[in-house]
Each structure stands twice: as C-alpha cells, then as structure tokens.
Amino acid sequence: MILYSARRAALMDDAARAAPKGRSLAADARRRLMQNKAAVFSLFLLGLVIILALAGPWFISHDYETPDWGALRSMPSFGNGHYFGTDQNGRDMLARTLYGTRVSLLVALIATLVSVCIGVLYGAVAGYVGGRVDQAMMRLVDIMYALPYILFVILLMVIFGRNVFLLFAAIGAIEWLTMARIVRGQTIALKEREFVEAARASGQTTFGIILRHIIPNLTGPVVIYAALTVPEIIVTESFLSYLGFGVQEPLTSLGTLISEGADVMEVMPWLLGFPALFLVSLLLSLMFIGDGLRDAFDPKDR
Amino acid sequence: MLAYVLRRLATMIPVMFIAITVCFFILRLAPGGPFDGERPLPPTILQNLAAHYHLDKPLIEQYLIYLGNVLTGDLGPSFIQEDFSVAEQIAIGLPYTFVIGGLAFFTAIIVGVAAGVLGALYQNKWPDYLTAAIILIGLILPNFLIAPILQLIFGVELGWLPVGGWGGGSWKYLVLPIAVLAWVHAARISRLMRGSMIEVLNANFIRTAKAKGLGERLIISRHAIKPALMPVVSYLGPAASYLLTGSLVVEQIFGLPGIGRFFINAALARDYGMVLGTVIFYMVLIIFLNLLVDIAYAFLDPKVRTR
C-alpha cells in the first residue's frame, strides 16, 4: 500500500512536470476578475473600508460612546482631534462611523451566512430528490415569495425586539429564497452528470451525495449570489435602523447614524455625510464585486 | 381568459391562508404585549381588557375567531388607538398611500421606458452613458439616503420645493416623495428595457421593416416597442409590491399621513391588532396587483394564456 502510494506520487510528479499546467475553474475566474478594472478597484475600496472599520478604532483616541464635553457639535477639525467632527452629545464621529460600519458588516455577514446555509441545503435537497418533495418544497418558496419581505422583517422585529444579532439571523432565514431557487436549478442539471451516477452506483446515501458531490460543485453560483446578498442585507439593516427598529443606542450602525444625521443635515451636514460616504462605498464596491464575480465565473452570461 | 383568471385566483387562496396563519401565530407567540406599559395596569382591568379582545381564550380559539372576522372583512380593533378600528385607520391612510404609490408607479414606467429606449438607440454614446450614470445613482443609493439629499438640495438650498408634509395634495409637495419612490424602479425598468430593446432591434422582423423602407420613427413606435416591453411588464408585479413597502420609508421621511406611518407606529407600539391587520391588507393588495399584472401580461403575450 505504501509502495503503491509512493509510486503514484512519483507518477503524478512526472505528470505534473511533463504536462502543461492545467487551469482550474477557480484560477480562470480569478484571472478574469483581475482583468475587470471596476471589480479590482472595488476590491481595494472594500478592503480599505474593512481594515478601517476593524483596525481604526484602536488608533483613535476617542471611543464611540464617551462624550467630549469640550467639543460638542464640533465641525470636522484637526485641531481638537475629531477628524469627522462630533455629534450633539460630543461623541467622536470618526469612532462612531467606524463602529457603525463594523456593526453593519457583522450583521450582513451573519445574515448572509444563515441565508447561504439554508438556501443551499434546501435547494440542493429539493433539486436532488425531485418529484413530489421538490414540488412541495418549491411551492413553499413561492408562497414565501408572495409575502412582502420588509413587512415580514418588521413582524420579526416586533417579536425579537432589541436583540440585533438574533434579528439578523432571522433576516437571513427569510433571505434564502432566491438562493434556494438558483441552487435547485443547478442541482437538477448536476444530478444527471456521470460522477453523481458513479457515486450512486457505489452505494452512497442520498444525503452523502448531496453533501459530498452536489454542494461542492455549486460553489460558483453560490459565491456570486452570496456576494450580491451582502449589500442587500446592509441596505435592509440600514432601512430598519432608519425606521427605528434596528440597532439601539449607544451601539450604532450606518443606518442609525444616517437617520440621526438626516434630522440635522442643515446645521451639521458632517453627521450625515461621513456615514453616507461609508455606506455608499460599501454598497458600490460590493455591487461591482458581485457583478465582476458573475462575469468571471460565467463569461457567457453577460 | 376567464378560466385563466379563475385559476390564478384559486392558487392565491392557500397563499393568503398560510400567510395569515403564520403572521397570527408569530405575533401571538411573541413575549410581551400591547398592555405592558410603563405603569402596570391593575389585574382586574387587565382581565377585562383581555376578555374584551378575546385574549383570555385558548390560542386556537382566538385564531378561529380572528380568521372568521377576516373572512367577513373585519380586521378587528386596534389595541392602542382605541377610538379607531384597524379598518378605519387603513381607510384614513389609504388615499395618501395610493396617490403617492400610484403616481410613482406611472412615473417609474414612463421614465424607465423612455430612458431604456434612449439608451438602446444611442448605445455606447453619450445619452446612453448619461442615463446609465443616473440609473447607477438610483440603484446604489437607498431611498432613505436619496431623500435627505434631495430635501437638502431642492428644499433647503434652492428653496424650490417643500421638504415635507401633504400640503393639501398640491403638486409641489408630491414631487420629491414621488421622485424618491420611483427612482430605483425607473432605474431597474430602464435596464430591462435597454437590454430587450437592443435584442429586438437586432431581430429579423426589424430588418424586414427597414428593408421595406419604413422610417426609423415608425419602426420603433410600431414594431419595436411592444415586444421589447415584455420583460418590463413582468417586472411590474414585484415593482408594485416594492413600491408599497418603499412607501413606508418615504411616508416617514416626508411626513405623509399614509398607511405606512400607521404601520410603523403600530409596530413600534406593539399594537398587534393593527400590525396584523395592516400586514394582511398589504398582502391582499400585493397579491391583487400581481394578478392584475399577470392578466395584463397574458393579454400581451398569448403564449401564457394557454399554458
């Protein structure tokens, strides 16, 4: 056995040296993504925003909830160390904006993760099992599609009240519908392929086939759609916070900041401007990255 | 055609039923209630309140009572605004929401289709780029960000338009809310329209029309627009439902007295009767609008009817 695997390793080594280096799907996609100028720029912008949001608070001397009584309603200035100014309570806007970006990103990640898990599993099972099960499962998706999504979220909000992270797990649990449809379609195409048939012939269980063979082959569409889900959830979170349902004081998110800033934009425009700038950079870059990924994984579908 | 409509209606009944059931139980299973005020009420009064709203009965019985009432069109009482039933509050808010939503709907269609046709005719020339840039703004900026910016520019700096309020329905008060509500949908419609228009303009029957010597204007208005409109029509159903939910935010920002504000205030105050009633009303409305759009689609595309 050991001999055999050593021989095989040697053979593969030979093959690797002799044959031209094969290009995997992922490598191909990466190359195409890197040629897309808007996507590359967006990756830089997104990286910058994420680094600022994660590392920034360590480098500034103010925190997001402590008032600076000597600088209430301060304009952005280098003199007093409030580079983005302060709000009515003298809290540093730079710290608040960075903290709000953190919360918005975290919430989006949680909700996207939940939606991907549910959507992929649901769609793969429906598509692979097929028949009556598939029909019943997809009918449920159709019904949930007919319900107005925001209303449902507000309903959940009334129930989960102030626990933000639980709430966004719940948003993710509603947001999986489109993912399930996409995955189901792909699965139906995949399950007729030879390698799935081989797995079936070798006696794998249905669930094993779905986990080992179907889901890994769905990576492309799932990654694309997950990338498009993140900005959608950031907007939903901001929307809810704007209406007063989302993140509560003293914790903050971009939506809460924009909502507070919009009330006083005539006298203190910096309270609206900086959070808006961060939100727009996030949405813009995520959208271009999502589009870029779609073009990169599926160049025909333009 | 009638059979098609009836079949569509029949599929809507289980959807409605499930939706009402889910909403009812979600709300009732939630901890806390509308009577948990700052000052706790005396237990006897609480008992009376509970008896009045049937809250003392078993959950399943409450559900059956509610379902029966909804079937007869009675959405029940509001728990917080005691003087108004849910239906009365909806009736007060509905005209405002309809005016704003309806006008935004038609604005989005007209602007979106016009921009899409423009983009397709001047593909990769400056009118195309200009519309694409305006579209991008609508797609990226959420409406709660566009609204304050427009208020700041047109209301505060230029002073052309009022920043909020209903103002007796004068057009000046309607411009900004409608622009905010319609923008993103105009953007999506114009994207769909541009794509399908380019496809249609390359089709064989358009080449035939050109070969026949028809003028470009006639080709576009007589032959190209109708088939190119199909994807737009299929987007109108979802658009109508997005417009209704979008009006939540727009009514809040511009201080308009529509249903959206009632709904949000009710949700913040945990007025279960009102929340449930409004959600059910919205769902019926959306399902009905979707049906209308599907019927319109069937009229335009005979292939759908026979399916």
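## Close-up views of a predicted model

**Buried residues of helix 12 of chain A pack against helix 4 (93-129), helix 11 (219-243) and helix 13 of chain A, together with helix 6 of chain B.** The model is predicted: local features need pLDDT of at least 70 and side-chain atom pairs count only at pLDDT 80 or more, whereas totals for chains, interfaces and linings use all residues. Residues are numbered from 1 along each chain as its sequence is written, chains are lettered from A and ligands numbered from 1 in the order in which they are written, and side-chain values use heavy atoms, with hydrogens and water left out. Helix 12 (residues 254-263) of chain A is mostly covered, eight of its ten residues being buried (under 20% relative accessible area; exposed is over 50%, partly exposed in between; 1.4 Å probe, protein chains only). Among these buried residues are Leu254(A), Thr256(A), Leu257(A) and Ile258(A). Helices (H or I, at least four residues) and strands (E, at least two) are DSSP runs, numbered from the N terminus.

**Helix 13 (residues 270-297) of chain A packs with helix 6 (residues 143-157) of chain B at an angle of about 140 degrees, their axes 12 Å apart.** Because of this angle, helix 13 of chain A is oblique to helix 6 of chain B (under 35 degrees counts as roughly parallel, over 145 as roughly antiparallel, 65 to 115 as roughly perpendicular and the rest as oblique). The contact (heavy atoms within 4.5 Å) is made by Leu272(A), Ala276(A), Leu279(A) and Val280(A) on helix 13 of chain A, and by Phe144(B), Leu145(B) and Pro148(B) on helix 6 of chain B. By class, this contact has seven nonpolar, no polar and no charged residues (Ala, Val, Leu, Ile, Met, Phe, Trp, Tyr, Cys and Pro count as nonpolar, Asp, Glu, Lys and Arg as charged, and the others, Gly among them, as polar). Axes are lines fitted to C-alpha atoms, for helices over the stretch in contact, and angles run from 0 to 180 degrees between N-to-C directions.

**Helix 8 (residues 204-211) and helix 9 (residues 216-228) of chain B cross at roughly 175 degrees, their axes coming within 11 Å.** Helix 8 of chain B is therefore roughly antiparallel to helix 9 of chain B. Helix 8 contributes Phe205(B), Ile206(B), Ala209(B) and Lys210(B) to the contact, and helix 9 contributes Ile219(B), His223(B), Ala224(B) and Pro227(B). These residues divide into six nonpolar, one polar and one charged.

**Leu248(B) is one of the residues with the most contacts inside the largest nonpolar core, which has 150 residues.** A nonpolar core is a set of buried Ala, Val, Leu, Ile, Met, Phe, Trp, Tyr and Cys residues joined through side-chain atoms within 4.5 Å. Not counting residues up to four places away in sequence, Leu248(B) touches residues including Ile150(A), Ile154(A), Phe239(A), Phe263(B) and Tyr282(B).

**Thr131(B) lies in helix 5 (residues 126-140) of chain B.** The residue is buried, with a relative accessible area of 13%. Thr131(B) touches Ala115(B), Leu118(B) and Gly119(B), not counting residues up to four places away in sequence.

**Asp301(B) occupies the loop between helix 12 (272-300) and helix 13 (302-306) of chain B.** Asp301(B) is buried, with a relative accessible area of 17%. Asp301(B) and Met230(B) are 71 residues apart in sequence and 8.0 Å apart in space, C-alpha to C-alpha.
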